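Welcome! Take a moment to look over the sequence and the model before reading on; the report below walks through them step by step.

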Amino acid sequence: MQLAILGTGNVGAPVGRLWAAAGHSVFFGSRSPEKHAALIESAGPNVSVKRPEEAIRSADVVLEALPFHAVATLPTHALRGKILISASNYFPVRDGNIDLQGLSQTSWVARQHPGSRVVKAFSMIGGNVLNRYANGAAEEGLVMFISADDQEAKAVVEPLVRDTKLVPLDVGDLEDSRIYQSLEGPLFDARLRIDEAKAEVAKLLKKDR
Ligand SMILES: NC(=O)c1ccc[n+]([C@@H]2O[C@H](COP(=O)([O-])OP(=O)(O)OC[C@H]3O[C@@H](n4cnc5c(N)ncnc54)[C@H](OP(=O)(O)O)[C@@H]3O)[C@@H](O)[C@H]2O)c1
């Protein structure tokens, strides 16, 4: 697939390396494309770096791995119709005070970009773990939670999670993703195998409803 990754940091860089190794074409979107020669070198021939809007336009699926406050500045018109994977987490110390209007963080992201098909993924496992995976040292069976209101978009993203050697687990819609979002989610940063993860998710979602 043609995949864009916005953000070249702890999350974007290793996911891009893993997707490229799985055979995808990866277009990083950076504010400073000229600064990323080393990333291109480490990620191989399937990878290039462009300006963010150009990367979005080149891709079928876009991963945003940006500071949460920066997500609202993305070009909504370019994202329309695209699957937007949202990895960002809200931290007021870094992002300032943002009124989420009572929404989960990723529902708020979806509200910023009407017409994009938002899927929350790659948000709850540390960049250090992702980097180990990209360096060939995957821990077998670690689960990555994934949520979306759009079931078809979720079905497209699940194999992209598997391509990074993580195990996707469907955690319902974007409001359900509160159980693993930053600040309040008991499963934020959880490192679980599939059986334990399913049990924890079922327990928490039952309590929420
Ligand atoms: N680190 C983790 O363990 C981890 C795990 C899961 C999720 N997350 C979440 O995923 C998101 C990305 O985390 P990260 O650790 O990869 O962040 P990071 O290392 O700081 O990288 C963020 C990237 O975003 C780009 N960017 C675009 N607009 C920006 C702006 N206004 N200010 C700063 N950077 C901007 C930068 O790339 P260019 O300069 O090339 O444009 C930068 O490399 C965050 O929301 C974080 O909370 C982090």
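## Around the ligand

The shell of residues around the ligand is made up of 7 nonpolar, 12 polar and 1 charged. There are 20 residues around the ligand, and those that come nearest are Gly 7, Gly 9, Asn 10, Ser 30 and Ser 88. Please keep in mind that this is a predicted model.

## The chain as a whole

Let us step back to the overall fold. The protein chain has 10 helices and 8 strands. Its C-alpha trace spans about 50 × 35 × 35 Å along the principal axes. How does the radius of gyration of the protein chain fit a compact globule? A compact globule of 209 residues would have a radius of gyration near 17 Å, and the 16 Å of the protein chain agrees with that.

Of the 209 residues, 44% count as buried. Among contacts in the protein chain with a separation of 6 or more, 62% are between residues 24 or more positions apart.

Val 119 has Ala 148 in E7 as its bridge partner.

In a regular strand the side chains alternate between the two faces of the sheet. Are the faces of E5 covered or open? Both are covered: Ile 83 and Ile 85 are buried on one side, and Leu 84 and Ser 86 are buried on the other. Strand E6 (residues 117–120) is also covered on both faces, with Arg 117 and Val 119 buried on one side and Val 118 and Lys 120 buried on the other.

Helix H7 (residues 105–112) is mostly covered, since 6 of its 8 residues are buried. These buried residues are Gln 105, Thr 106, Ser 107, Trp 108, Val 109 and Ala 110. What covers them includes helix H4 (68–71) together with E5, E6 and E7.

Now turn to helix H8 (residues 127–134), where the buried residues are Leu 130, Tyr 133 and Ala 134. They cover an arc of only 100° around the axis, so they are on the same side of H8. Helix H1 (12–21) is included in what covers these buried residues. After H8 comes Gly 136, whose phi is positive, near 90°.

Why does Ala 59 count as buried? The cut-off for a buried residue is 20 or more other C-beta atoms within 10 Å, and Ala 59 has 23.

Which residues does Ala 59 touch? Leaving aside residues up to four places away in sequence, Ala 59 touches Gln 2, Leu 3, Ala 4 and Phe 27. In sequence, Ala 59 and Gln 2 are 57 residues apart, yet in space they are 4.7 Å apart, C-alpha to C-alpha.

Notes. Residues are numbered from 1 along each chain as its sequence is written. This is a predicted model: local features need pLDDT of at least 70, side-chain atom pairs count only at pLDDT 80 or more; totals for chains, interfaces and linings use all residues. A residue is near a molecule or strand if its C-beta atom, placed from the backbone, lies within 6 Å of it. Ala, Val, Leu, Ile, Met, Phe, Trp, Tyr, Cys and Pro count as nonpolar, Asp, Glu, Lys and Arg as charged, and the others, Gly among them, as polar. Helices (H or I, at least four residues) and strands (E, at least two) are DSSP runs, numbered from the N terminus. The radius of gyration is taken over C-alpha atoms; the globule rule is 2.2 Å times the number of residues to the power 0.38. A residue is buried if 20 or more other C-beta atoms lie within 10 Å of its own, exposed if 12 or fewer, and partly exposed in between; C-beta atoms are placed from the backbone. Two residues are in contact if their C-beta atoms, placed from the backbone, lie within 7 Å. Two strands pair if DSSP finds at least two bridges between them. The arc is that of the directions from the helix axis to the C-beta atoms.
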